[in-house]
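Let's walk through a structure together, asking at each step what a term rests on. Have the model open beside you as you read.

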Amino acid sequence: MDNAMMIGLSRQMTLRRSMDVVANNIANANTAGFKVESLLLENRAAPTATHDDGPSDVQFVNTWGMARDFRQGELAFTGREFDLAIDGEGFFAVETNGEEQFTRDGRFRLDGAGQLVASDGAPVLDADTRGPILIDASAGSVQIVDGGMIMQNDQQIGRIGVFEIANRSEMSKQGNGRYTIPPIEDPANEPLAMIDPTVSQGFVEQSNVQSILELTDMMSVMRSYQSVSKFLEQAEDLSKRAIERLGRI
């Protein structure tokens, strides 16, 4: 296969991946705490097909990573007692199979044992103990005040953990709006509970996806894919005509 068709195919592959990313953003436009993503591309040099003249290599398109926009989403009022939203930096922490995971989705509830948990039952972690948060629902209503402190009958019974991640580029997406971080070798980079986070009770942070922009990107990807397809058709037709001419010589 000649150089032109290889370059075109490499571009089509990245465009298909870009379309998957854009479609996922649109699908999560109403998912609490979701952060919009985009594909990162790079040029990769490779040897050309055999030729007598021209450049010694060509530039192919390749994907090398995923970018996430962690800008704040709008806070939507729900009025539910255990719906929480972070206004500013930081992430809630939950425990799943013994592993800490971080999220901006604050749709919490109490389970049968009185633990504050996420929608799938993962315990929400306390800022000070790094353990589950226990609340006696029969003891009265709960207020979340400045710094994430959990107050019941004018007594502090816990503190919502809002943790600062030093290098968010290393966070790995795990689904359900959650992320993990690789093992920390330097203790200075360990996620630490923020001293005075702003946690709003009765609110949920919405996705920061802007649907109009994503639809515009989707149309742009589609047009680019069609353009590359036309280019490949022309390259194939040119190759056929070259072969036909060689056959007549």
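Q: Which residue in strand 14 does K173 stand opposite?
A: K173 stands opposite Y179. Do keep in mind that this is a predicted model.

Q: How do you know that strand 13 and strand 14 pair?
A: Pairing needs at least two bridges between the strands. Strand 13 (residues 172–175) and strand 14 (residues 178–180) are joined by 3 bridges, so they pair, and they run antiparallel.

Q: What lies between strand 13 and strand 14 in their hairpin?
A: There are 2 residues between them, and N176 in the turn has a positive phi of about 60 degrees.

Q: What makes strand 9 and strand 10 a pair?
A: Here the count is 2 bridges, and the cut-off is at least two, so strand 9 and strand 10 (residues 149–152) qualify, in the antiparallel sense. Within this pairing, Q143 stands opposite M151 in strand 10.

Q: Why are strand 9 and strand 11 called edge strands?
A: The open sheet of 3 strands has the order 9-10-11, with antiparallel pairing. Strand 9 (143–144) and strand 11 (155–159) each pair on one side only, and they are its edge strands.

Q: What makes a residue count as buried, and what share of the protein is buried?
A: Buried means under 20% relative accessible area. Of the 249 residues in the protein, 36% are buried.

How values were computed. Residues are numbered from 1 along each chain as its sequence is written. This is a predicted model: local features need pLDDT of at least 70, side-chain atom pairs count only at pLDDT 80 or more; totals for chains, interfaces and linings use all residues. Side-chain values use heavy atoms; hydrogens and water are left out. Buried means under 20% relative accessible area, exposed over 50%, partly exposed in between (1.4 Å probe, protein chains only). Helices (H or I, at least four residues) and strands (E, at least two) are DSSP runs, numbered from the N terminus.
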